[in-house]
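Here is a briefing on one protein chain.

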Amino acid sequence: MRARLTRVREEVAKAVVGQDAAVTSVVIALLVRGHVLLEGVPGVAKTLLVRSISASLSLDTARVQFTPDLMPGDVTGSLVYDSTTGDFSFRHGPVFTNLMLADEINRTPPKTQASLLEAMEERQVSVDGLGRSLPDPFLVAATQNPVEYEGTYALPEAQLDRFLLKVNLDLPEREQEVEIIRRHAAGFNPSDLAAAGVAPVASAHDVLAARHAVAGVQIAAEVIGYVVEIARATRQAPSFQLGVSPRGATALMNAAKAWAWLSGRDYVTPDDVKALALPTLRHRVSLTPEAAMDGAGADNVLQGILASTPVPR
């Protein structure tokens, strides 16, 4: 089961070059019922990455382009009047899938952004007083552009806190970019993943079974204390006006457990916590205006906290 899930990276690499960390992040999120925020400039294969992961796991997927005129019902579904019966029936929205790609989520107003809150946290959609359960597994992979802010709506802290991980997709290295161009010159078609050789290597059943294995991963009291100390240090850091909440500390623990299991261990080490600290915490903190003006970045401050927090032996 572990081998099948780790093979997902190999399959995705047939279509996407140089984004192994992002693939692993999505797999980790699936294993602990989380969601992922992918941030990167246009053209770094954010959409292709999600589609390739879905194909390699044989999961149902849906893509929603978030725009300023998108309404909540366009995402969750709504009641539709049936003239033949004279009754209202519920028409399912694209959120009723295993892997939902929320493309450019920050381009839609807060009202539509908020329509995902219940789905992401409760795994259901409430319409007309009735809760309708979403498929399991269910993951929202949202994308946003970090450099273009005109016509966008920043995600509020409550929404950001629903994402287990925030992954920054950087521009490729020169060798990786050469490989990307070479593939396209050879006829690679991003719309035809089967032709690229991407095939299912695991299934939803594997993901659900792996969750039970991850839940059984042991974490010592000293490592739990290490997670708490990191979270508390973010609340006391002068550069942060908002630190990590207990939900963020819990997310870090769960992500570390999934990474330990994928690494072949049934226990968590402090190195597992360090490896997942930045993607788990960077979107849960907020810089003070003074720190932002001085050019400080959330990642830099977090790295300083990790360097100064005593590591349990």
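Accessible areas come from the Shrake-Rupley method with a 1.4 Å probe, and for residues only the protein chains shown count as cover. On that basis, the accessible surface of the protein chain is about 14800 Å², with 52% belonging to carbon and sulfur atoms. The model is predicted: local features need pLDDT of at least 70, side-chain atom pairs count only at pLDDT 80 or more, and totals for chains, interfaces and linings use all residues. Residues are numbered from 1 along each chain as its sequence is written, and side-chain values use heavy atoms, with hydrogens and water left out.

**Overall fold**
- The protein chain has 14 helices and 11 strands (DSSP runs numbered from the N terminus: helices are H or I, at least four residues; strands are E, at least two).
- Its radius of gyration, taken over C-alpha atoms, is 20 Å; the globule rule (2.2 Å times the number of residues to the power 0.38) gives 20 Å for 313 residues, so the chain is as compact as a globular protein of that length.
- The C-alpha trace spans about 70 × 45 × 45 Å along its principal axes.
- Buried residues (under 20% relative accessible area, 1.4 Å probe, protein chains only) make up 48% of the 313 residues.
- Of the contacts (heavy atoms within 4.5 Å) with a separation of 6 or more, 79% are between residues 24 or more positions apart.

**Largest pocket**
- A pocket is an open set of points on a 1 Å grid over the protein atoms alone, where a 1.4 Å probe fits, with protein on both sides within 12 Å along at least five of seven lines; lining residues have an atom within 4 Å of a point.
- α7, β9, β11 and α14 each supply at least two lining residues.

**Second largest pocket**
- The second largest pocket has a volume of about 440 Å³.
- Of its 25 lining residues, Pro42, Gly43, Val44, Ala45 and Lys46 are the closest to the centre.
- α4, β8 and α8 each supply at least two residues of this lining.
- The largest share, 5 residues, comes from α8.

**Proline 109**
- Proline 109 lies in the loop between β5 (99–103) and α6 (110–122).
- Leaving aside neighbours within four places in sequence, proline 109 is in contact with Thr67, Pro68 and Tyr153.
- Proline 109 and aspartate 69 are 40 residues apart in sequence and 8.1 Å apart in space, C-alpha to C-alpha.

Technical notes: Points joined across faces, edges and corners; volume = space filled by probe spheres on them. Buried < 20%, exposed > 50% of the residue type's maximum accessible area, 1.4 Å probe, protein only.
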